[in-house]
Amino acid sequence: MLEEKYYSVRMRASQNGPHEQGGKHISGGEQISTYTDLKSMVNVLLEKALSHSRGNPDFMQIQFEKIEEPIKVLKPLPVRTYEASSVEEGQSAARKLLEQAGVPTESIDKAYELITEFSELRGAILFDIRSGLRIDDRNEKGIRVSRMDWLTANFEKWAEHYQLTRSQRMREALVLAAKVCAHPATVAELCWSDDPEYITGYVASKRLGYQRITKLKEYGDERGCRIFFVDGLSDLASYIEYLEKQPIFVQWEEKACH
Ligand code: PML
Ligand code: MG
Ligand code: MG
């Protein structure tokens with residue numbers, strides 16, 4: 001379907017040394033680019049990390065590699081925004097949504113117990129809804145969902161149609177959520193930013209779509225959260241392989257939505 005050659009472009013930036021030497025995570029980013037656009041994509045990622053509210057990085061890695069596999073196309077998840085007036089209200093809405101998505105209450109409780117412990121992670125945690133345990137073995141690194149993007153022109157058409165702000169941050173989160181939720185073993189995702197100036201987060205699932213909640217933490221808080229609730233995962237390695245390696249484009253088909 002997509003004839004052109006594409007490249008996965010990735011960035012990670014940290015402070016007080018590289019992540020693997022204990023540096024503080026500042027910023028990360030994923031792009032899929034044509035050869036011609038590589039220079040500007042690298043620049044976008046460079047810019048993102050150099051102007052981050054988590055601080056100035058003293059380590060940054062930007063790399064690109066050609067994508068050999070066919071790129072799978074996914075539709076964007078439907079978006080809803082819940083206006084929360086306090087963190088408590090927002091968090092309680094998040095828990096309800098997780099339940100609606102099919103995560104058992106005990107699992108939600110157990111996951112919340114882990115959140116403070118893993119709030120410094122730069123990647124996501126895989127959490128099994130049956131055992132109530134974290135099942136990835138990535139320690140402080142977590143899982144980094146990669147090789148995904150949403151072409152600007154299509155994203156902007158979509159945003160205009162639904163009268164949503166063209167936020168780069170939301171676009172990135174929507175792309176990630178669409179990829180994660182498209183896997184049959186994913187029950188739901190819970191996320192809020194580690195950016196101290198950004199307090200909106202979301203719960204996403206195939207059934208519920210992308211449910212934004214405007215207040216999931218207090219301003220100034222640098223603790224973020226990204227948990228994938230999974231069920232029936234017989235092959236953890238292939239699930240992680242999907243998250244890290246399967247190339248994905250999110251694409252909105254205007255006609256199909258009318
Ligand atoms: C992040 O900052 O990386 C996560 C942001 C999640 C919420 C984005 C939104 O829908 O506004
Ligand atoms: Mg971030
Ligand atoms: Mg892009």
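Let's start with S86. S86 sits in the loop between β5, residues 79-82, and α2, residues 87-101. Helices here are DSSP runs of H or I with at least four residues, strands are E runs of at least two, and both are numbered from the N terminus. Is S86 buried, exposed or partly exposed? Its relative accessible area is 22%, so S86 is partly exposed. That term covers the range between buried, under 20% relative accessible area, and exposed, over 50%, with a 1.4 Å probe and protein chains only. Now look from S86 to K75. The two are eleven residues apart along the chain, and their C-alpha atoms are separated by 32 Å.

A word on what you are looking at. This is a predicted model, where local features need pLDDT of at least 70, side-chain atom pairs count only at pLDDT 80 or more, and totals for chains, interfaces and linings use all residues. Residues are numbered from 1 along each chain as its sequence is written, chains are lettered from A and ligands numbered from 1 in the order in which they are written, and side-chain values use heavy atoms, with hydrogens and water left out.

Next, the ligand. Which residues surround ligand 1? The shell is R169, M170, C191, S193, Y198, T200, Y202, Y210 and R212. A residue belongs there if one of its heavy atoms lies within 4 Å of the molecule. By type, the shell has five nonpolar, two polar and two charged residues. Ala, Val, Leu, Ile, Met, Phe, Trp, Tyr, Cys and Pro count as nonpolar, Asp, Glu, Lys and Arg as charged, and the others, Gly among them, as polar. Two elements, α5 (168-182) and β11 (209-213), each supply at least two residues of that shell.

Now the polar contacts, meaning pairs of N or O atoms within 3.5 Å; within protein, one must be able to donate a hydrogen and the other to accept it, and sequence neighbours count only if both atoms are side-chain atoms. R169 places a polar side-chain atom 2.7 Å from an oxygen of ligand 1. For S193, a side-chain N or O atom is 2.7 Å from a ligand 1 oxygen. R212 also has a polar side-chain atom 2.7 Å from an oxygen of ligand 1. On its own, ligand 1 has 340 Å² of accessible area, and the protein covers 88% of that. The areas come from the Shrake-Rupley method with a 1.4 Å probe.

Stay with one shell residue, T200. T200 lies in the loop between β9 (186-192) and β10 (201-205). With 15% relative accessible area, T200 is buried. Its side chain reaches the backbone oxygen of T214 at 3.3 Å.

Over to the other end of the chain numbering. G29 is in strand β2, residues 24-33. Its relative accessibility is 4%, so G29 counts as buried. G29 and R12 are 17 residues apart along the chain, with 6.6 Å between their C-alpha atoms.

The loop between β1 (7-15) and β2 holds H19. H19 is buried, at 10% relative accessible area. A polar side-chain atom of H19 lies 3.3 Å from the backbone oxygen of A13. N16 is in the loop between β1 and β2 too. At 59% relative accessibility, N16 counts as exposed.

What about phi? Most residues other than glycine have a negative phi. N16 has a positive phi of about 65°, although it is not a glycine. N139 is not a glycine either, and its phi is positive, about 50°. You will find N139 in the loop between β7 (133-134) and β8 (148-149).

Last stop, W158. W158 lies in helix α4, residues 152-161. Buried or exposed? At 2% relative accessibility, W158 counts as buried. P78 is 80 residues from W158 along the chain, and their C-alpha atoms are 11 Å apart.
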